[in-house]
Amino acid sequence: MKLYGHPISGHAHRCKAFLQLLNIDFENITLELMKGAHKEPEYLKISPFGQVPALVDGDVVLRDSAAILTYLAMKYDPGRTWLPADPVQAAEVQQWLITAAKEVYDGPFKARLVKLFNAPHDLEAAEAATRKLMEELLEPHLENNDWLVNNSPTIADIANYSYISVSHEGGIDLSPYKNVTAWLKRVEGINGFEPMVDAVAMMQANA
């Protein structure tokens with residue numbers, strides 16, 4: 001099994017972290033994104049849009065982090081603890097995977113891109129989207145729930161953790177959101193879980 005990604009990519013992080021939680025042997029292949037390795041013809045055969053992560057497991061080739069998490073949970077977690085078999089709980093997990101792909105993307109993800117890479121996104125819009133996500137969804141939900149779905153961690157938590165945990169890299173202070181920050185610590189406390197790296201420190205070290 002091969003996972004293509006980069007340490008500062010939250011999309012890649014969520015897949016790598018989950019593979020480690022499942023104790024699956026895999027080859028972690030780091031693509032030098034700054035050098036355009038993700039746009040090379042060989043990689044485009046695996047991921048046509050030139051994005052990370054991508055997973056190759058025998059004949060299975062997947063190019064989306066939510067799809068990768070779902071595949072791994074269904075194939076390599078026979079107890080279905082990470083993606084419950086119960087229809088309602090499975091739907092709730094999918095609901096949160098969509099939140100990671102939409103609201104987290106529009107908020108913490110874009111703010112981080114602007115601050116770290118001067119990406120041409122609207123920073124004020126990203127900040128507003130983050131506040132809306134925290135105040136209207138996450139903070140209230142986590143008031144009476146330790147995890148996003150059910151009473152134990154699922155791939156919903158793994159998927160949403162990555163970019164939210166590095167909101168500060170986008171200039172966003174999460175300290176007002178006590179329930180969210182407590183949840184982040186719970187995720188980081190899962191046995192075998194690897195937190196996101198400090199992107200600024202990594203880029204400075206590689207400069």
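Tyrosine 43 is buried, with a relative accessible area of 4%; here buried means under 20% relative accessible area, exposed over 50%, and partly exposed anything in between (1.4 Å probe, protein chains only). Tyrosine 4 is buried as well, at a relative accessible area of 12%. The model is a predicted one, so local features need pLDDT of at least 70 and side-chain atom pairs count only at pLDDT 80 or more, while totals for chains, interfaces and linings use all residues. Residues are numbered from 1 along each chain as its sequence is written, and side-chain values use heavy atoms, with hydrogens and water left out.

These two tyrosines also pair up. Rings of Phe, Tyr and Trp (its six-membered ring) pair if their centres lie within 6.5 Å, and planes under 30 degrees apart count as stacked, over 60 as edge-to-face and the rest as tilted. The count by this rule is six aromatic pairs. In one of them, the rings of tyrosine 4 and tyrosine 43 have centres 5.6 Å apart and planes at 50°, so this pair is tilted. Tyrosine 4 sits in strand β1 (residues 2-5) and tyrosine 43 in helix α2 (residues 41-44), so the pair links distant parts of the chain, 39 residues apart; helices (H or I, at least four residues) and strands (E, at least two) are DSSP runs, numbered from the N terminus.

Tyrosine 161 and phenylalanine 193 have ring centres 5.0 Å apart and planes at 90°, which makes the pair edge-to-face. Tyrosine 161 belongs to helix α7 (residues 155-165), phenylalanine 193 to the loop between α8 (178-188) and α9 (199-206), so parts 32 residues apart in sequence are tied together. Both residues, tyrosine 161 and phenylalanine 193, are buried. Elsewhere, ring pairs join Tyr105, Phe109 and Tyr163 into a cluster.

Tyr163 turns up again around arginine 112, a residue of helix α5 (residues 103-117). Arginine 112 is buried, with a relative accessible area of 4%. Neighbours within four places in sequence aside, arginine 112 is in contact (heavy atoms within 4.5 Å) with Ile8, Phe117, Tyr163, Val166, Glu169, Gly170, Met196 and Ala199.

As for helix packing, α1 (residues 10-21) and α3 (residues 65-76) meet at an angle of about 10°, their axes 9 Å apart. Axes are lines fitted to C-alpha atoms, for helices over the stretch in contact, and angles run from 0 to 180 degrees between N-to-C directions. That makes α1 roughly parallel to α3 (under 35 degrees; over 145 is roughly antiparallel, 65 to 115 roughly perpendicular and the rest oblique). His11, Arg14, Cys15, Phe18 and Leu19 of α1 make the contact with Ser65, Ile68, Leu69, Leu72 and Ala73 of α3.
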